[in-house]
Amino acid sequence: MTVFHSIYSKLVFWALLFTVPIIGLLTAGILIAMNSFEQQLTLSHQQLLLPYASEIEVTLENIHSYVANRTVPTQFLSKIESGSELEQLQAMQDLNAYYSEDIYTYSQIDGIFVLHNEKFRFIRNRDRDYSKQCQAAQYIQDFLCSLTAEENPFRQGYQAFMLDGDPYLMLTQRSGNTLWGCWIHTQQLLSAIRNQEIDGLTSLFLEDENNIWKYETSGTSSPLIIRQSFYKNAFFLTAVLDRSELFSVFHQLRLVLFFLIAFAILLFFLYLSVLVTLLIRPLQVLVTQMNRIKSGDFSEYTIAENTALELREVYTAMNAMTREIDHLKIGIYEQKLLEQEAKLQLLQLQVKPHFILNGLNTIMGFAQSHDFEMTQKMTFFLSRHFRYLLYQEHMVSLAEELEHIKNYLEIHHMKHQTVFSYIINVPEELYETEIPILSLQTFVENSLKYARTSEIKITITGQLIKKQETDFLMLQVTDNGVGFSEELLSQLPHPEKGLLSRKNAGIGMYNVNQRLTILYHGRARLHVANQKQGGAQITILLPFSENT
Amino acid sequence: MKLLYNRITPIRIQKQKQKRIRKNTAFLAVILCLLSTCHSIAAEEPVTINVMIAYDFFIPDDFELIAAHADALMWEKRQFHVQFYPALIIDRKRQMEQLEKQGITIDVSTTTEDEHLCLDLDPLLPIWEQDICEIATEEEIEHTRRNGKLYTLPSKADYVASFGIVFRKDILEKYAIDPENIQTIQDLDTLFEKLSQNEPDLIMTAPLWTHSGFLLRYHQFDAVKNCIFTIAPTAEEEIVNKYTTDEYLSWITMLYKWNQAGYFPEELPLQNLKGSELMRTGKLFSYFCACKPGIEWEENVSSGCELVSVPLMEPRVTNSSAEISSWGIMKNSNHPEESMQFLYEIYTNPELINLFLYGIENTHYVLLPNGTIDFPEGMNAENSGYYPNIGWSFPNQTLSYIWNGNDPDLWKKNEIYQNEARRDASLGFRFDDSVVAWQNNALYEIADTYAYGLETGMLDPTVYLPQMLNEMEKAGAAEVQAELKDQYETWRNTQKP
């Protein structure tokens, strides 16, 4: 779900939310339009056959009225039967001319038949198939013979019959004893329509209300059947259209639609990628840069050549900000260092004024007692002491510190006339090791002050030890005094708290502790303990590296 | 102010310049218009000539289509339009008269019978780019002349034929009849008698068309087309009434006998059939026709049966046979030169010839790899929109395609056949009946009454032939005969011996 929260996914989501409905609506609209157009086309096709059907109706009505009104040339017929050969010949020729003219007028007629005195004759339309005409004539002859006397089939109007897959219409009229009429091969009626070349037309035929005409229709996959009734609904003009051929344009349209949608989707993705390039990526750049600043990398971001104006401004401001932070940080550090320097100096200069005053007093005493040797000596040692104290450096060599301690002890001896002894157990190779100034002297001073024994014995040792994989220089100052009190020791885990509460006695230790912290960044250790055999033990652990 | 002046002057001048230019262009435009109108007036509208094409039995369904194609062809080739009018041969004159009434003048017509209506072609011959000799020999041209005048050009169609009959091959084989043995009327009689006993339901024979008699192609009397009198094809060259000849009598007697015996289709005048159509139903055994190389194949296609042809007379070139495929220009044609050009095309352009003979390629026929043509898939002689079989009426049939199944050497064989045919001495003679027009017409009317009946066996020749001849006598046959004799002798004397 975190993925969902990113701007990119949000953008995609909202873009989809807007474009999908639009595209969907458009598609739906087009499909609806196409559907309605298809329906309209179908409807218009329904109307397609109407003019043709009416034309056929007119033809049928004309022929009907012709049969209704045409007189039978009985004079010719009788002459054919009873007359001289020449008369017969002429009568035949006349009869032929008589009906041939009618066929010429009503060219849809396939043949005209006459049954007169049980003699069946027919005059054929010369443009048609003779064999089929014979067949039809035979059928009609059989039909006429089946009629009862006085029966006039004309009342029933057109009669449909089918022979060998050929549909016919027959119209018979009675005129006295004579039955005559005509027949029509209905497929001929459709020739005009066929010449029109209607799109998608697979078959065209006439149907009658009694379904006498039956056709074999070749199965088209999706037939559209249009039926137009005519002649008082006695007949139907039926057209079978191939829907797929007819509506092939729709197929094409659908294809076009599909491509349009695909194109739209493609455009959408293109838009997204453009969006990413223009907006998302700069955002990511900004985010990355911020993260870098957070992790402490203050490097500038190089602005690409063709960045947008607004982005260019943002990047430039961001770079300026980065630089500013960088400078501030350095400034702060430097300030901090200066502060520390000052602190350090201050700590270092926590000189005990009373020691100087006492020393001067001692000198004055010696001078008063005219002990010039002691005065000289005291002055020399004291000046050496002060020179060392006002030594500006934070770090001194171990040798120098030890020398200073010796000097201090001499002064103390001259001052106080107490009995003490000291041992320095430091290997010579450690002499050049740098240690913080007055770090050992403070504890030696403490020992002299608080040992409270008659013969103070101070031991200063130094050695290299390894503690937790690190080399340390261990400096120990021990005495044979009373040691630290339990109260003090229990407070020492928090030396600054504990020691500050004690005046004078704690300050030195506190001072050393602070300076150790500053100079060694907390890596140095100051241990305060009592020796087993009694007496205080101060241990200073300084991180040792070869070049200190 | 000075600056302003400088600025105005250029504009004024510019305006004047523009005015001038406008005037000039207007003037130019007017001139151009005048020129173009003059040109358009002077330029001719495209010429349209009217051509009548004759079909023998019915006008094919796709005639309009063919006509349109032919018109396009002629336009492309010769830059004039041709309007085609179809007509049935028997109806041709009536059709022409009807069109005249409508104001349409026919320029070119096929089968010109009446030379009074035809244009003399001699002055137009130079229009023919090719030397005529490549198409027809001198002799042929002479034979085509009618009394010295050239109204049509000699044709290379298969007009030479011999009066004959086609039989159904399967029946012949069934009864082991050798067609070689059938040569005379007697042979036919014997044949029909024998067959009718064995095949009582089979109609023995029929004429080529039921609206003409059996002797339609009987060319013994064809020397004079427009008269019942003819020049006998003997050495004496006497003028005889064709209805009085022995041959005629023997034929109609036999035909009467056959009709009585029931060998013919019933009530022939009512049938309106072609022999081949009746043959297609399988009810007919034979029908009369004009035999020539390729006839069997032609009739096979028309009738759908395998037929054997038997000529009953030797082939002859007569005046009427030469006229069968004669195309000519009408006298009152408005565009004789274009008409002559059209005739030239009909003679020499295979595209045009094939168009009228066979229709449109791939619609009515397809070209086979071996160079012959055939019906496209699913089409036959019955349902084709254009299968008129009027090749015989086109002057240069040798340029047309040969139908599949037919002899590929058909035209060569035809040429040999025609060359070997006997030529009438009277070739080139035309009878001018203007002097005896009234009598001649009367004679024809009488012939119309009786001839059909006699030649279809419906009228008893013993009764009606004398009756006819009697009437003819009364109508002035002798005068016509005398006139013909006169004219023929005159003509004969002008001919080289």
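Helix H15 (residues 437–455) and helix H16 (residues 461–474) of chain B are roughly antiparallel to each other, a label given to angles over 145 degrees. Their axes come within 9 Å and cross at roughly 170 degrees, where axes are lines fitted to C-alpha atoms, for helices over the stretch in contact, and angles run from 0 to 180 degrees between N-to-C directions. Helices (H or I, at least four residues) and strands (E, at least two) are DSSP runs, numbered from the N terminus.

The model is predicted, so that local features need pLDDT of at least 70 and side-chain atom pairs count only at pLDDT 80 or more, while totals for chains, interfaces and linings use all residues. Residues are numbered from 1 along each chain as its sequence is written, and chains are lettered from A and ligands numbered from 1 in the order in which they are written.

**The helix pair of chain B.** From H15(B), Leu443(B), Ile446(B), Tyr450(B), Gly453(B) and Leu454(B) meet Pro461(B), Tyr464(B), Leu465(B), Met468(B), Glu471(B) and Met472(B) of H16(B), two residues being in contact if their C-beta atoms, placed from the backbone, lie within 7 Å. By class, this contact holds nine nonpolar residues, one polar and one charged; Ala, Val, Leu, Ile, Met, Phe, Trp, Tyr, Cys and Pro count as nonpolar, Asp, Glu, Lys and Arg as charged, and the others, Gly among them, as polar.

**The contact between the chains.** Chain A contributes 16 residues and chain B 17 residues. On the side of chain A that touches chain B, the elements giving two or more residues are helix H5 (85–105), strand E2 (119–124) and helix H6 (130–146), with H5(A) giving the most, seven residues. This side of chain A has seven nonpolar, three polar and six charged residues. Glu85(A), found in helix H5 of chain A, is in contact with Gly453(B), Met458(B), Leu459(B) and Asp460(B), its neighbours within four places in sequence left aside. Glu85(A) counts as partly exposed because it has 15 C-beta neighbours inside 10 Å; a residue is buried if 20 or more other C-beta atoms lie within 10 Å of its own, exposed if 12 or fewer, and partly exposed in between.

**A sheet in chain B.** Chain B has 17 helices and 14 strands, and 41% of its 497 residues count as buried. One open sheet of four strands runs in the order E5-E8-E4-E9 (chain B), with mixed pairing, where two strands pair if DSSP finds at least two bridges between them. Strand E5 (203–206) and strand E9 (307–311) of chain B stand at the edges with a single partner strand each, so one side of each is left without a neighbour in the sheet. Strand E4 (residues 162–168) of chain B pairs with E9(B) in the antiparallel sense over five bridges, and Val310(B) in E9(B) is the bridge partner of Ile165(B). Helix H10 (residues 295–303) of chain B packs on the sheet, touching E4, strand E8 (284–291) and E9 of chain B, and its direction makes about 135 degrees with that of E9(B).

**Two helices with their spans.** The expected span is 1.5 Å times one less than the number of residues.

| Helix | End-to-end C-alpha distance | Expected span |
|---|---|---|
| H12(B), residues 336–348 | 18 Å | 18 Å |

Methods: Angles under 35 degrees count as roughly parallel, over 145 as roughly antiparallel, 65 to 115 as roughly perpendicular and the rest as oblique.
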